[in-house]
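Hi,

Here is the structure I promised to pass on.

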Amino acid sequence: MATHSDKPSLCPSAQPDWQDAKVFGVVGGTSDTPATAYLNTPAPVTAELLKLAEPVAPAEVFRFAALCACSACDHYSEAQSKCRLVEKTVRWVPIVSESLPVCSIRAECRWWQQEGRAACMRCPQVVTNDFNPSAEIRMAADPENH
């Protein structure tokens, strides 16, 4: 498992309006089986880029990364200094990649820093604004589930 450093971490499940957000992936596949295609280099969030998602919300089409909000996030455990979203994703969501996806934010990603390969092998199926999540994704995304 990767180790956490004092360097700020990126949340790979950010929203496009978060400060300094950048796109690192495009969600493809189907609504039942989403699959993120990772960009070689993260792209800045611009009005033109967000417009490409219409008529749906940008976080249904793109994966955004931005600085982890830490205690300002419902998924963050201040007591453990951990992201509970990735912890539960690793516990409940099945693996969808047998090898590490090529990812341009891995070195700064909180999920990688906290859960290592186990997070990356589940990450391609994550859609930040998912209106048809699997039961496992729904459980992991609910901040009330522990």
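Cysteines to begin with: a search of the whole structure turns up zero disulfides, a disulfide being a pair of cysteine sulfur atoms within 2.5 Å. C73 is in none, and its nearest cysteine sulfur, that of C83, sits 6.4 Å away. C123 is in none either; there the nearest cysteine sulfur belongs to C103, at 6.3 Å. As for accessibility, C73 is partly exposed, with a relative accessible area of 27%, while C123 counts as buried at 9%. (Buried means under 20% relative accessible area, exposed over 50%, partly exposed in between, with a 1.4 Å probe and protein chains only.)

Before you go further, the ground rules. This is a predicted model, so local features need pLDDT of at least 70 and side-chain atom pairs count only at pLDDT 80 or more, though totals for chains, interfaces and linings use all residues. Residues are numbered from 1 along each chain as its sequence is written, and side-chain values use heavy atoms, with hydrogens and water left out.

On a 1 Å grid over the protein atoms alone, a cavity is a set of points where a 1.4 Å probe fits but cannot get out; a pocket is an open set with protein on both sides within 12 Å along at least five of seven lines, and lining residues have an atom within 4 Å of a point. Points are joined across faces, edges and corners, and a volume is the space filled by probe spheres set on them.

There is one cavity of 30 Å³ or more. The largest cavity holds about 100 Å³ of space. Its lining has 13 residues, with Y38, C103, C109, C120 and C123 nearest the centre. Helix 4 (110-115) and helix 5 (117-120) each give at least two of the lining residues; helices (H or I, at least four residues) and strands (E, at least two) are DSSP runs numbered from the N terminus. By class, this lining is twelve nonpolar, no polar and one charged. Here Ala, Val, Leu, Ile, Met, Phe, Trp, Tyr, Cys and Pro are nonpolar, Asp, Glu, Lys and Arg charged, and the others, Gly among them, polar.

The largest pocket comes to about 460 Å³. It is lined by 24 residues, and S13, H75, L85, T128 and A141 lie nearest its centre. The classes there are 17 nonpolar, five polar and two charged. The second largest pocket has about 160 Å³ of space, and its lining has four nonpolar, six polar and two charged residues. Strand 2 (residues 22-29) provides the largest share of that lining, three residues.

Finally, the cores: sets of buried Ala, Val, Leu, Ile, Met, Phe, Trp, Tyr and Cys residues joined through side-chain atoms within 4.5 Å. The largest has 15 residues, and F24, V86, I105 and W111 make the most contacts inside it. Helix 3 gives the most to this core, with three residues. Apart from it lies another core of ten residues, including A21, A53, A59 and F62. A53 sits in the loop between helix 1 (47-51) and helix 2 (58-61) and is buried, at 4% relative accessible area. Beyond its neighbours within four places in sequence, A53 is in contact (heavy atoms within 4.5 Å) with P58, V61 and F62.

Cheers
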